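I am opening a notebook on a structure that is new to me, and I will write down what I looked up, step by step.

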Amino acid sequence: MIRFDEVTKVYRGTARPALNSVSLEILSGEFVFLVGASGSGKSTFLRLVLKEEKPSDGTIHVLGHDLGSISSRKVPYFRRNLGVVFQDFRLLPNKTVFDNVAFTLQVIGKSKGFIHEAVPDALQTVGLDGKGQRFPHELSGGEQQRVAIARAVVNKPAIMLADEPTGNLDPETSAGIMALLERINANGTTVIMATHDAGIVDRLQRRVIEVIGGRIVRDERGGGYKTQAHPVVAQGFGIGTAS
Amino acid sequence: MRLGLVMTEVGQGLRRNLSMVIAVVLVTFISLTFVGGAILLQMQITQMKSYWFDRAQVAVYLCTEFSTVGGCDQQAATPDQIATVQAQLESPTLAPFIDTFFFETQEEAYANFQEQFAGQAVADLITPDLMTPAFWVNLIDPTQSAVLQDSLRGLAGVESVVDQRSLLDQIFDILNAASFTAVGIAALMLVAAALLIATTIRLSAFSRRREIGIMRLVGASNRFIQTPFIIEGVAAALIGSVLAGLAVVGIVQFFVQGYLAETLPLTSFVGLSDALLVVPILLGAGALLAALSANVAITRYLRV
């Protein structure tokens, strides 16, 4: 589903790579936590998957596409298979909840009929039915993040990328968001979530990939936020299952 | 659905940047008016050239008692000398080039002069003996006046041989200079218009960067994201172009036809049909300019 082969990313004007020869594979239906300090390369990883950035070296395959060979004209169509959620929600303040979610479908040219079917569906999935006509500023942070998640899943993406989706929320609200993400994952969507929230990672016991200074230092299934096993420093760990 | 969405975005963009849009409208208006003016001036020059060059004659001025130039020595041309010139014009060497010619005596020249400058002070100062008798020659091919000049200039009793085209050329030089000036100003203004459109579109894109960011994230095609901005630029420029078209038509209708044509009834001027020919050129140029500069401006926002 997602495969990185010896991927290095050096941003222009910096000497130290943001990602340093990273190799890993994420399978369909997995729920993956990406942990590590700020600046360790988590967001770079997500941006590379989205093809918002090009790797300086190495190849990336997502959903069977070699990202290096997708023409920039085709990139938008590729992105329709991905749903993205951010820490700061990124909702349009002058549009209602319904319109925020519908906007995604409008701009990729879906019909009115489809939109009026899919949007209430997505809002129901995230537990916001009946709040379609509210504006984002009338909602709590947790509810705004649910709108953002509804927007990400309304087009039924194969992969969902979440960049610290609980970063702005209190623990209780975060738990609700995580339950929602688990449900989305249970329906077959691969979820990759970058986070600092140790409690969540420890509780869910999912696959954990820890990044430090642009290198993967740990790739553990059923792991916690802090390593319980011996720390693995060897690079390229976790590609044993790659095929 | 999609078209409606695009047009809504265009409307929002135009309203949000109203002051910039007005600037774009005015700059395209002025610059395209200059473009239209230059085109009309060129049309006018072509028209006048074809009119006047066919009518341009070569004048063979003969000596008077006052002339000292050419083959003259303050002696009026004698009837013999006049006959020699006429014989030259009828000779087999020159005849093939000449369509018609006629001789204008001092008295006839005086009568023409009085008629032309009737009512002006200069008409009272001139007496018939100051006028120059001349042969007026219509050439078959007006460009071949050199032949006449070469064979007649040295003859006794001939003061000078003047091709009227050389006088007309000066007028056309002036008109040409005016039209090049208009083109130059238009070019500068068009550069300004293009930059202004690009800036306006960039501003518009900046004020909608949230929307653009989300559109890119959810996979809106580049064309879908670009279209509202390009339409926005084209719409503003088209308003300017329409104004320029109206101005050009107005100038031709009220100034050229209404004033110039009545003041100078003998000259033919560009008409409304010429102006209407220029209008679509202006609209096309305005739309193309806006589309290109808006496209360049917005593409920077869409680089993946």
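What share of the contacts in chain A with a separation of 6 or more comes from residues 24 or more positions apart? I am working from a predicted model, and in it I find that such residues account for 66% of those contacts.

**Entry 1, chain A as a whole.** I looked up the secondary structure of chain A, which comes to seven helices and ten strands. I then took its radius of gyration, 18 Å, which is close to the 18 Å that the globule rule gives for 243 residues, so chain A is as compact as a globular protein of that length. Along the principal axes, I noted that the C-alpha trace of chain A spans about 50 × 40 × 35 Å. Of the 243 residues, 43% count as buried.

I turned next to the largest nonpolar core, which holds 73 residues, and asked which of them touch the most other members. They are Leu34(A), Val101(A), Val119(A), Ala122(A), Ala150(A) and Leu161(A). The largest share of this core, seven residues, comes from H3(A). As a background note, nonpolar side chains in soluble globular proteins tend to be buried together.

I checked the length of helix H6 (residues 171-186): at 1.5 Å a residue its 16 residues should span 22 Å, and its end C-alpha atoms are 22 Å apart, which agrees. In H6(A), I found Ser174(A), Ile177(A), Met178(A), Leu180(A), Leu181(A) and Ile184(A) buried. Why do I say that they line one face of the helix? Seen down the axis of H6(A), the buried residues fall within an arc of 160 degrees, so they line one face. On the other side of H6(A), Pro171(A), Glu172(A), Ala179(A) and Ala186(A) are exposed. What covers the buried residues of H6(A) includes helix H5 (141-153), strand E7 (159-163), strand E8 (190-195) and helix H7 (198-204) of chain A. Just after H6(A), I noted that Gly188(A) takes a positive phi of about 110 degrees.

Methods
Residues are numbered from 1 along each chain as its sequence is written. Chains are lettered from A and ligands numbered from 1 in the order in which they are written. This is a predicted model: local features need pLDDT of at least 70, side-chain atom pairs count only at pLDDT 80 or more; totals for chains, interfaces and linings use all residues. A nonpolar core is a set of buried Ala, Val, Leu, Ile, Met, Phe, Trp, Tyr and Cys residues joined through C-beta atoms within 7 Å. A residue is buried if 20 or more other C-beta atoms lie within 10 Å of its own, exposed if 12 or fewer, and partly exposed in between; C-beta atoms are placed from the backbone. Helices (H or I, at least four residues) and strands (E, at least two) are DSSP runs, numbered from the N terminus. The expected span of a helix is 1.5 Å times one less than its number of residues. The arc is that of the directions from the helix axis to the C-beta atoms. Two residues are in contact if their C-beta atoms, placed from the backbone, lie within 7 Å. The radius of gyration is taken over C-alpha atoms; the globule rule is 2.2 Å times the number of residues to the power 0.38.
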